[in-house]
Amino acid sequence: MTGVTGARTAGSSPGGRRSGGAAEGGSIGRGVEAAASAGGGRATGGGPQDGGSGSRAARASSGSAAGGRAEAANAAGGRAEDANAAGGRAEDARAAGGRAEDARAAGHAEGAIAASPPARQSVPATLAGVPAPELDRHRAAVAALRQAYQELPAGEPVRLAKPTSNLFRFRDASPALHGLDVSAFDHVLHVDPVTQTAVVGGMTTYEHLADATLRYGLMPLVVPQLKTITLGGAVTGLGIESTSLRNGLPHESVIEMEILTGDGRVVTAAPEGEHARLFRGFPNSYGTLGYALSLTIELEPVKPYVHLRHRPFGSLDDCMSAVGQIAADRAIDGVPVDFIDGIAFGPDELYLTLGTFSTVAPWLSDYTRQQIYYRSVQRYREDFLTVRDYLWRWDTDWFWCSRPFGVQNPAIRRLWPRRYRRSDIYRRLVAFDRRHGLTSQMNKSRQVSPREDVIQDVEIPVEKGAGFLDFFFREVRMRPVWLCPLRLRCGASWPLYPLEPGHVYVNFGFWGTVPLKPGQPDGYHNRLIEDEVSALGGRKGLYSTAYYTEDEFWRQYNGQEYRALKRAYDPGARLLGLYDKCVRGR
Ligand SMILES: Cc1cc2nc3c(=O)[nH]c(=O)nc-3n(C[C@H](O)[C@H](O)[C@H](O)COP(=O)(O)OP(=O)(O)OC[C@H]3O[C@@H](n4cnc5c(N)ncnc54)[C@H](O)[C@@H]3O)c2cc1C
């Protein structure tokens, strides 16, 4: 592969500072081998994490069956007694001669993921498998919500009343918008390990969803990085994560959805049948056609740990061609790539993080404590996390956006309670600041030049990715940028967010502010980005601000199909329109 720089020697992996770790980090096998031979596989010396992780590391690779199993169960988010079912054992590494690839094979041979059935069975019918009392409660909640919706004053817009949001359009808390209480739809109704599916309330956060499925050694096919993103929000608002090159986008693993439509019906939308058009048009409709009350989704088996390899690149082109190569091979150096994302710190410093499920871990890092995940990407060449810690690796520091709160300063970090190092806490602080205009007033009184929020995710065809980053670093000058490759899983495009099936795209995420020069209006940089994305054949997500004219917007997001769906499912326009919501910020 072009451009994949070899492992660095100095400071190249956490192993350099933890006995038993890999010195160079270049190969998955070496780390495990070293760990296996050092004191019976025991990782000593704590490593770069604080005390807690050192002891966890020791437990993970101690070779003690009990310790290893308990850790595996924890890793899979399950209970100790689920250990055999949920995960593999640390001894597998040594049994396999210390080579990770073999260890994975050994894990399979011994049925390490015993809770994960070999193959999915039939696709369930609506709410199938949900236990009777739960089903009764759910049906009663649906009836009550329908009634509440009907009773809302006609002709006035509606919104979801829910405790969390990950939108970055801060509208006024307008009294004219009526909140619909959807708290009855915030939990998992059923996980079926046989069909590898789950029936989930539409407002369930991924944190709760992942905990419920990991107990069975399963996870959703795509788990967005922020704990309070909900399943309904990610399906209607397009989530993405590091499995998206393999598994596409969250809505592509939905089997069916129960939707309260704008005209007050409750319908079941599936890929086939009467409401198939609504099913396909729901992604990127942002709650303007209806609200998903329950969703049946596919799950996939996990292993207890994720082995991460951070590959550095010195140029944009090299990094993008490596993405293309990995997309073609679905592997690197013969090791399957289960997860891939990355960071561009600048045009000549980029990293791809390649993750592979593993039944063994010679050490475990923990970035919910003093260490910060995104910095580890620059510092180390390889790392190990439990699958749960991997899923939430970005949440603790909201990618890198916790910095303005001081949380990345070691002294403040120590004082900031660990349970409050979460993306939803930071977002609440930002929302409070915006509502009360605190920062902008302070900046005005200090005569600081105005800044523009540039908080966006865009999808660009991989072959244009280097061009986009070049433009971005030149014109917007914000860094770092998150990279996440994706490829649609289904053979057909999704009408309101058209991407080409089979084509590889890279999602670029950037979240911060940039100074405005005299004469540049607010939105100047966002406008530049929108134009560049369109010119490169890309697409921009709509969770944040947008500046498109109405014509441009409907060209980008298939106005014709949207209008047809709106006529069919919300003819009275009880719900806001997509342009009003996403561009006019209503
Ligand atoms: C800084 C930042 C980084 C982000 N990074 C990522 C990322 O890396 N990966 C990723 O996947 N996403 C990311 N997002 C975007 C996020 O996934 C979307 O904003 C998503 O829509 C949020 O879902 P939520 O559940 O928090 O919904 P909310 O924020 O509450 O609502 C989002 C929209 O969806 C509608 N909605 C919510 N629930 C439902 C439902 N059940 N049925 C119908 N409509 C509904 C709401 O009406 C609203 O219009 C990021 C957002 C921010 C601000």
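**A loop residue, then strands and helices**

Tutor: Val337 has 21 C-beta neighbours inside 10 Å, so it counts as buried. The cut-offs are these: a residue is buried if 20 or more other C-beta atoms lie within 10 Å of its own, exposed if 12 or fewer, and partly exposed in between, with C-beta atoms placed from the backbone. The model is predicted: local features need pLDDT of at least 70 and side-chain atom pairs count only at pLDDT 80 or more, while totals for chains, interfaces and linings use all residues. Residue numbers start from 1 along each chain as its sequence is written.

Val337 sits in the loop between strand S11 (335-336) and strand S12 (339-346). Helices (H or I, at least four residues) and strands (E, at least two) are DSSP runs, numbered from the N terminus. Apart from neighbours within four places in sequence, Val337 is in contact (C-beta atoms, placed from the backbone, within 7 Å) with Ile326, Arg330, Ala331, Ile332, Leu354 and Thr356. Arg246 is 91 residues away from Val337 in sequence, yet their C-alpha atoms are 8.7 Å apart.

Leu316, Asp317 and Met320 in H12 meet Gly465, Ala466, Leu469 and Asp470 in H18.

Next come two strands. In S14 (residues 382-386), five of the five residues are buried, so this strand is largely enclosed by the rest of the structure. Glu382, Phe384 and Thr386 lie on one side of S14, and Asp383 and Leu385 on the other. Strand S9 (residues 305-313) pairs with S14 in the antiparallel sense over five bridges, where pairing requires at least two DSSP bridges between two strands. Leu308 stands opposite Asp383.

Strand S6 (residues 254-261) has seven of its eight residues buried, so it too is largely enclosed by the rest of the structure. S6 runs antiparallel to strand S8 (residues 290-301), joined by seven bridges, and Ile259 has Ala292 as its bridge partner there. Four bridges join S6 to strand S7 (residues 266-269), also antiparallel, with Leu260 partnered by Val266. Four residues lie between the strands in the hairpin of S6 and S7, where Gly264 takes a positive phi near 90°.

Key. Contact = placed C-beta atoms within 7 Å.
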